Each structure stands twice: as C-alpha cells, then as structure tokens.
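Thank you all for coming; please have a look at the sequence and the structure on the screen, and then I will take you through them slowly.

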Amino acid sequence: MRKVKIYITLKEGVLDPQGKAVQNSLHSLEYNNVADVRIGKYMEVMLEDSDNIEQQVDKMCDQLLANPVIEDYSYTIEEAV
Amino acid sequence: MKFAVVVFPGSNCDRDMFYAITEGLGEQADLVWYQEADLSDYDAILLPGGFSYGDYLRSGAIASTSGVIDQIREAAEAGKPILGVCNGFQVLLEMGLLPGAMLPNKHLKFMCHYETLTVENSDTMFTNHYSDQEEIDIPIAHGDGNYYCDEATFKKLKANNQITFTYKNNPNGSVADIAGITNEQGNVLGMMPHPERAVDSLVGTKDGLRLFQSILTHWRDKHAIKA
C-alpha cells in the first residue's frame with residue numbers, strides 16, 4: 001500500500017481572495033512582516049501497489065483533483081503500513 | 001421543442017428552469033435525474049444552478065465526472081443548444097466544454113441580487129431576441145462566480161466573439177466583466193446570472209425569457225429549412 005500526499009496550490013498570478021483575507025487578519029494580529037498568504041489543498045490518497053503509480057496520480061490530478069486552468073499540484077509517494 | 005433539465009444531487013434551480021420552459025416559453029421540458037438520463041431525444045439540454053455535490057472539491061467538479069457528462073459532450077458535438085446557468089456554467093467549465101475556470105467572488109461574499117448585463121453578441125442561438133449592447137436585468141446568486149482565464153484564452157474568446165454577456169458593474173471580479181461565454185461553435189452557453197428567474201413580470205423583469213425564445217427561434221428556423 002502507498003500513501004500519496006497531494007498538494008494543490010493556486011497558480012502564480014491567480015488571485016486568492018481567501019489568502020488575502022487571512023493575510024489581513026495576520027496583519028491585524030500585528031504580524032506585520034507577512035508579505036503574502038496563499039491557500040491550497042492537501043489530500044491523502046491510499047493506493048494499492050501497482051507499477052505505474054506516478055502516471056496514475058498525474059492522471060487523477062489532471063482529470064479531477066486539480067483544475068489545471070487555475071491550480072498546480074505536486075505530490076510525494078510513501079510506503080504505507 | 002423538447003428541453004431536458006439535468007438534475008444532479010444538490011441542483012436547486014432545476015424547477016425554475018422547468019418553469020421557464022413550460023410556463024414562460026410554453027414548450028416541453030422534462031426534469032431528468034443524472035443517473036437515469038437518456039438525452040438522445042431532446043432538442044436542447046439545460047444544466048441548472050445549485051450546489052451539485054455540495055460544491056465539494058471545486059464547484060461543478062464532481063458533477064463533471066458523472067456518467068451523463070458523455071451524453072452532454074455528444075449533444076454538444078451534434079450542435080444541440082446546451083445552456084449551463086450558475087452551477088451549470090461551473091460544470092461546463094470543469095468538463096472542459098467551455099474554457100476557463102471559476103474562482104471565489106473577489107470579496108468572498110455570496111451575492112444574490114439583480115445585475116445589469118450588456119449583450120455583447122446578439123448573433124447567437126441564445127441571444128437573437130436581444131440587440132447588441134442592449135442592457136438587460138438578470139438576477140445573480142453565487143459565491144464562486146469570479147470567471148478566470150489566461151491572457152491567451154481571453155484573446156481567443158474575444159477574437160471568436162465568444163463573450164456573450166458582460167456585467168455593467170462587475171460584482172465578483174470576473175476577467176473583463178465576463179458574465180457569460182459560448183464555445184467556439186456557439187452552441188454551448190455558460191452564464192452565471194439566472195435568466196430562468198427573469199421570465200415573469202411578477203418578479204420584476206422578463207429579460208431572461210428572450211434567451212429561451214432565442215433558442216426556440218433558432219430551432220424553428222433550422223427545422224423550417226430542413227422541411
């Protein structure tokens with residue numbers, strides 16, 4: 001079994017109103033050195049062992065988990081016990 | 001003319017759409033559950049607003065992987081009119097029938113009020129009852145209506161006359177005030193505002209009714225030529 005940790009982030013240049021709101025809140029808590037906040041998603045997908053796991057995860061991300069128009073993704077694959 | 005209103009779990013404007021066709025336009029419509037849908041018999045397909053699958057993952061994302069989607073794709077290729085309103089627009093974007101994507105509204109607020117739209121292209125099967133640059137009042141009701149596309153896509157939309165409606169006072173941060181776009185062939189329209197909620201003067205405006213009348217006019221013209 002493999003544990004795939006997938007990180008989905010907004011592409012550079014895509015406005016993130018949520019991130020901006022959080023940035024403003026951090027400023028109001030006087031963290032004045034916060035220059036930017038971007039909010040993304042984290043997913044854990046458990047996959048049964050197979051030969052082409054990376055290929056499969058890429059496809060899952062392109063087809064559904066991320067929207068390639070506005071989002072980038074990256075992932076790590078770990079041995080799961 | 002026979003319209004299919006595709007109902008997903010979480011659709012909530014399906015009955016408004018049904019009403020717009022049956023009572024407003026005076027044509028035939030069926031509410032078809034997405035799992036049992038056979039769309040082959042219908043002349044036009046309507047994807048209603050709402051919150052399909054609770055907007056999980058991204059608005060419209062889960063619905064865009066359901067079985068009925070292949071039939072919608074086939075109908076689009078066959079040139080049938082396909083209209084996606086609000087969540088229906090989001091589904092069309094997620095399934096890639098229309099270019100671009102939706103982001104949360106710029107100020108993160110769910111907005112529900114009338115907007116003035118400008119008709120940017122009256123030469124489509126959805127807008128032939130309007131005139132170019134005409135201003136119409138149509139209600140909006142969305143949280144994720146901030147249309148986004150990259151520069152190259154925007155240029156293509158512009159060059160192909162795919163921008164159908166724009167907001168007069170952009171409420172959500174959409175690129176170039178975009179409220180509705182068509183595909184390149186012009187038979188798939190996605191729009192955030194709700195024309196189906198503006199078909200009866202009882203609610204203040206009938207500006208939305210002409211969109212459905214346009215579809216009917218186009219369909220009748222096409223079939224008159226064939227006959």
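Predicted model: local features only at pLDDT ≥ 70, side-chain atom pairs only at ≥ 80, totals over all residues.

An unreviewed UniProt entry gives the feature "active site" at B:Cys86, B:His194 and B:Glu196. Although these residues are spread over 111 residues of sequence, they cluster in space, with a largest C-alpha distance of 10.9 Å.

Where does B:Glu196 sit in chain B? B:Glu196 lies in the loop between S11 and H5, and B:His194 is also placed in the loop between S11 and helix H5, the latter covering residues 209-226. Is B:Glu196 buried or exposed? B:Glu196 counts as buried because it has 29 C-beta neighbours inside 10 Å, and B:His194, with 23 such neighbours inside 10 Å, counts as buried too; the cut-off for this is 20 or more.

If we leave out residues up to four places away in sequence, B:Glu196 touches B:Cys13, B:Asp16, B:Met17, B:Ala20, B:Val85 and B:Gly208. On the same terms, the residues that B:His194 touches include B:Cys13, B:Val85 and B:Cys86, and B:Cys86 is itself one of the positions in the UniProt feature.

Let me move on to helix H3 of chain B, residues 87-94, which is mostly covered, since 8 of its 8 residues are buried. Among the buried residues of H3(B) are B:Asn87, B:Phe89 and B:Glu94, and what covers them includes strands S3, S4, S5 and S11 of chain B. Just after H3(B), B:Gly96 takes a positive phi of about 80°.

Finally, let us step back to whole chains. Chain B comes to 5 helices and 11 strands, and 53% of its 227 residues are buried. A compact globule with 227 residues would have a radius of gyration near 17 Å, and so the 16 Å of chain B agrees with that.

Chain A has 2 helices and 3 strands, which follow the pattern β-α-β-α-β along the sequence. Here a compact globule of 81 residues would have a radius of gyration near 12 Å, but chain A has 16 Å, and 11% of its 81 residues count as buried.

Technical notes: Residues numbered from 1 in each chain as written. Chains lettered and ligands numbered in written order. Helix = DSSP H or I, 4+ residues; strand = E, 2+ residues; numbered from the N terminus. Rg over C-alpha atoms; globule rule 2.2 N^0.38 Å. Buried ≥ 20, exposed ≤ 12 C-beta atoms within 10 Å, placed from the backbone. Contact = placed C-beta atoms within 7 Å. UniProt positions renumbered as here; feature names shortened; annotations may be inferred.
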